[in-house]
Amino acid sequence: MIYTVTFNPSLDYVVQIENLTLGEVNRTSCEAIYPGGKGNNVSVVLANLGMKSRALGFIAGFTGDALEKMLTDFGCTTDFIRLKEGMTRINVKINASEESEINGQGPEITAEAIRELFEKLEQIQEGDILVLAGSIPNTLPEDIYERIMERLAERKIHIVVDATKDLLLNVLKYHPFLIKPNNHELEELFGVTLKQEEDIIVYARKLQEMGAVNVLISMAGDGALLLTEDGKVYRKMPPKGNVVNSVGAGDSMVAGFLTGYLNTNNYEKALQLGIAAGSASAFLSWLAGKDEIVKLLQQPPEEYGL
């Protein structure tokens with residue numbers, strides 16, 4: 001079973017505007033509401049690819065009800081903890097000449113709710129996959145990822161961490177199965193400027209030396225690099241297409257990678273499916289379905305267990 005955790009999920013209100021003018025009334029040309037949060041995005045794309053997962057996290061208020069219903073409608077299994085006060089946040093995603101976001105703060109997560117989450121995490125068994133993705137709301141301890149991984153350290157669970165800065169660096173000692181910084185986040189982690197692919201590989205290896213098992217570096221239009229536990233380096237370029245919305249592309253890549261890995265036990269095919277899923281979502285207004293992803297694969301879908 002795959003479990004995803006989203007500490008601060010959201011309803012994403014996505015709007016298309018020809019030209020955004022500050023200080024003026026702006027009218028949308030297209031709008032939609034989707035369930036949001038990095039872990040939730042992973043669960044949706046996993047469901048689209050025929051993989052089962054269980055979405056964990058915290059919800060509150062009528063927006064939390066709407067979020068849970070949307071995820072269920074998209075084929076996800078949810079097991080959220082309901083908070084007694086506040087409401088699940090609403091994030092506004094503006095697609096104009098440039099992408100802009102206004103993200104809500106979210107409800108307060110109590111110590112009792114955190115305890116309930118740890119009880120749910122006790123269900124995870126050897127061989128399962130746990131995806132920890134996204135930022136930590138300010139009502140949670142900054143070391144919550146570390147606490148989770150320390151508690152599960154002896155379970156032989158494959159843990160995927162998609163986070164930035166110290167949130168990522170501090171968990172490497174627990175040997176996450178996969179981490180997915182992009183090239184700019186890699187630069188930020190080490191305070192360097194990386195212009196050559198060889199330099200990116202050097203610093204990705206440093207993350208392996210610090211404890212990561214597999215390192216996936218996404219590079220937008222330049223594709224992605226995968227450094228595997230057996231010392232191999234795979235590089236794949238993305239398919240060509242018009243980028244409509246980059247929100248969720250990285251989460252889609254994680255979902256595609258996990259699907260490919262679980263179906264084939266082949267890292268190269270996992271990377272290829274990950275890039276196809278990430279690109280397909282970037283070419284759409286929201287997360288890609290199976291048909292959109294399959295169109296971007298270089299081999300028949302059967303090669304990826306689809």
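Colleague: Which residues does Ile-136 touch, leaving out those up to four places away in sequence?

Modeller: Ile-136 touches Phe-7, Pro-141, Ile-144, Tyr-145 and Leu-167, with residues up to four places away in sequence not counted. Contact means heavy atoms within 4.5 Å. This is a predicted model, in which local features need pLDDT of at least 70 and side-chain atom pairs count only at pLDDT 80 or more, while totals for chains, interfaces and linings use all residues. Residues are numbered from 1 along each chain as its sequence is written, and side-chain values use heavy atoms, with hydrogens and water left out.

Colleague: Where is Ile-136 found?

Modeller: In the loop between strand 9 (129-133) and helix 4 (144-151). Helices (H or I, at least four residues) and strands (E, at least two) are DSSP runs, numbered from the N terminus. The C-alpha atom of Ile-136 is separated by 26 Å from that of Glu-126, 10 residues apart along the chain.

Colleague: And Phe-7, buried or exposed?

Modeller: Phe-7 is buried, at a relative accessible area of 2%. Buried means under 20% relative accessible area, exposed over 50%, and partly exposed in between (1.4 Å probe, protein chains only). Phe-7 sits in the loop between strand 1 (2-6) and strand 2.

Colleague: What does Phe-7 touch, again not counting residues up to four places away in sequence?

Modeller: Its contacts are Phe-58, Ile-109, Leu-117, Ser-135, Ile-136, Pro-137, Leu-140, Ile-144, Tyr-145 and Ile-148. Ile-144 and Ile-148 also belong to the helix 4 side of a contact with helix 3.

Colleague: At what angle do helix 3 and helix 4 pack?

Modeller: About 35 degrees, with the axes of helix 3 (residues 111-121) and helix 4 11 Å apart. Axes are lines fitted to C-alpha atoms, for helices over the stretch in contact, and angles run from 0 to 180 degrees between N-to-C directions. The crossing is right-handed. A crossing is left-handed if the near helix is turned anticlockwise from the far one by less than a right angle, and right-handed if clockwise. Ile-114, Phe-118 and Leu-121 of helix 3 meet Ile-144, Arg-147, Ile-148 and Arg-151 of helix 4.

Colleague: How do the residues of that contact of helix 3 with helix 4 divide?

Modeller: Into 5 nonpolar, no polar and 2 charged. Here Ala, Val, Leu, Ile, Met, Phe, Trp, Tyr, Cys and Pro count as nonpolar, Asp, Glu, Lys and Arg as charged, and the others, Gly among them, as polar.

Colleague: Other end of the chain. What about the angle and axes of helix 8 and helix 9?

Modeller: Helix 8 (residues 249-264) and helix 9 (residues 267-282) pack at about 150 degrees, with their axes 7 Å apart. The two are therefore roughly antiparallel. On that scale, angles under 35 degrees count as roughly parallel, over 145 as roughly antiparallel, 65 to 115 as roughly perpendicular and the rest as oblique. Helix 8 crosses helix 9 in a right-handed sense. Among the residues making the contact are Ser-252, Gly-256, Phe-257 and Gly-260 of helix 8, and Tyr-267, Leu-271, Gly-274 and Gly-278 of helix 9. By class, this contact has 11 nonpolar, 8 polar and 1 charged residues.

Colleague: What about Asn-265, in the loop between helix 8 and helix 9?

Modeller: Asn-265 lies in that loop and has a positive phi of about 55 degrees, although it is not a glycine. Most residues other than glycine have a negative phi. Asn-265 is exposed, at 60% relative accessibility. Ala-220, in the loop between strand 12 (214-218) and strand 13, also has a positive phi, near 50 degrees, and is exposed at 70%.

Colleague: Now the largest nonpolar core. How many residues has it?

Modeller: It has 47 residues, and those with the most contacts inside it are Val-131, Val-160, Leu-216, Leu-226, Phe-257 and Ile-293. A nonpolar core is a set of buried Ala, Val, Leu, Ile, Met, Phe, Trp, Tyr and Cys residues joined through side-chain atoms within 4.5 Å.

Colleague: Which helix gives the most to this core?

Modeller: Helix 9, with 8 residues. Leu-226 touches residues including Leu-216, Phe-257, Tyr-267 and Leu-271, with those up to four places away in sequence not counted. A second, separate core of 46 residues includes Leu-130, Tyr-145, Leu-152 and Ile-157.
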